[in-house]
Amino acid sequence: MKLAQKLSLLLLALLGIAILSLGAATAQATYEEDFDTELHKSSDFGIQSAGFNDAFHVGTLTIRSVGKGSVQPLYSLRIERSGNFGGGREYDLQSTTVINYMTVFGSQVVAKIKYGSTTIVKLINWSSGEDPLASDAITTAPQYPITIDFYLGVRNINNSAQATDAGFQFKGASGPNLGNFTIMYRKEAGWGTEYTIPFGASSTTPQAFFTTNYNQGSTKYLNKSAINKTVYVSLKIEQTPSQASINLVNASGSSKATVGSARLTLTGYNSSSPQGVTLTFADGNGSTNSSFRLKHSELNYYIPFFLYLGGAPVDRGVPITWPNLSFGSNNLKDLQVGGIDYQSAVSAMGGSYSDTITVTITPLDSNLVGQ
């Protein structure tokens, strides 16, 4: 098992009635590459209407409405791609084995867009690099988040079982590797000014479909579970809107406030051996003892607190074990904040307090790598 990610958890505590900025909400995007590159039936992904029997999952783009006030309207949502589009041709994938008397297979990017009760499956074209995703306006709060899953459909393979022992790379030492993309929209109908949805709070830097190099001649292969029996673990912190901020009093004394959930996902080789990791939590506000501390947004004023994972206390800087993980994404534990001194909570200066906590994942069973 290899370390896949190092993520930060932002805990925000508000004293009393939160003072919230008013105005239009803004759209923000996040993208996560899928490190499980096993070939699947397209029906497993719900994209069989695109005309491919089999496909790889490339990654997932999520667009959220961030902030208060009216929801940001999105018109003519589309991606704008940069990179080598193959001169209008499909991407060629070179196989390590012969399948149906062939070793080179055409492939094409497919997008599945979901918002509210709407699902759209679209082939991504090659010639312009400008690909419409949803022409209707996306304007109402229940339609967020918008998720866009990208897939790579593969031609001339009848079913994924034919490729059990095959690895795939983009043909050519400087293959296209799908290029980069940004997400564009208009604030009103028609052909007015287009805007870029940032990745995070402000970045409009194009996002790579694949950050991993799957070009021919590299050490990485699509469908690598057939030739690489490494297990990958990734951590994602999930929050509902009500968990994004808490009142300090609700986490004081013997009370605990849930601020989200930690989800560990295992991908790659599906080993029957039990998997396990340790998680080490580091405090961003310079705590020197086992607890963490919140900092006032404007002043050097701190409030100590304790963190709990699945009900178990977390000591700052001390690894906590999460054993017996299951393959997939069903490994979930609540994150809670507690142990705040009640008198400190009720008498603290008004405003917002936060702490950025960095989580490091360490496998317990690295001996499984290469088995």
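Rings of Phe, Tyr and Trp (the six-membered ring of Trp) are taken to pair if their centres lie within 6.5 Å, with planes under 30 degrees apart counted as stacked, over 60 as edge-to-face and the rest as tilted. The structure is a predicted model, in which local features need pLDDT of at least 70 and side-chain atom pairs count only at pLDDT 80 or more, whereas totals for chains, interfaces and linings use all residues. Residues are numbered from 1 along each chain as its sequence is written, and side-chain values use heavy atoms, with hydrogens and water left out.

Under the ring criterion, 15 aromatic pairs are counted. Tyr-91 and Phe-170 form an edge-to-face pair, because their planes stand at 75° with the ring centres 6.1 Å apart. Since Tyr-91 belongs to strand S7 (residues 91–99) and Phe-170 to strand S12 (residues 168–170), this pair ties together parts that are 79 residues apart in sequence. Strands (E, at least two residues) and helices (H or I, at least four) are DSSP runs, numbered from the N terminus. Both Tyr-91 and Phe-170 are buried, that is, under 20% relative accessible area, where over 50% is exposed and the range in between partly exposed (1.4 Å probe, protein chains only).

A tilted pair is formed by Phe-150 and Phe-181, at 5.4 Å centre to centre and 55° between the planes. Phe-150 lies in strand S11 (residues 146–154) and Phe-181 in strand S13 (residues 180–186), so parts 31 residues apart in sequence are tied together. Phe-150 is buried, with a relative accessible area of 0%, and Phe-181 likewise counts as buried at 0%.

Lys-256 lies over the face of Tyr-308, at 4.7 Å from the ring centre; for Arg-293 over the face of Tyr-302, the distance is 3.8 Å.

At the level of the chain, two helices and 25 strands are present, and buried residues make up 44% of the 371 residues. Of the contacts (heavy atoms within 4.5 Å) with a separation of 6 or more, 79% are accounted for by residues 24 or more positions apart.

Methods. Lys NZ or Arg CZ within 6 Å of the ring centre and 35° of its normal.
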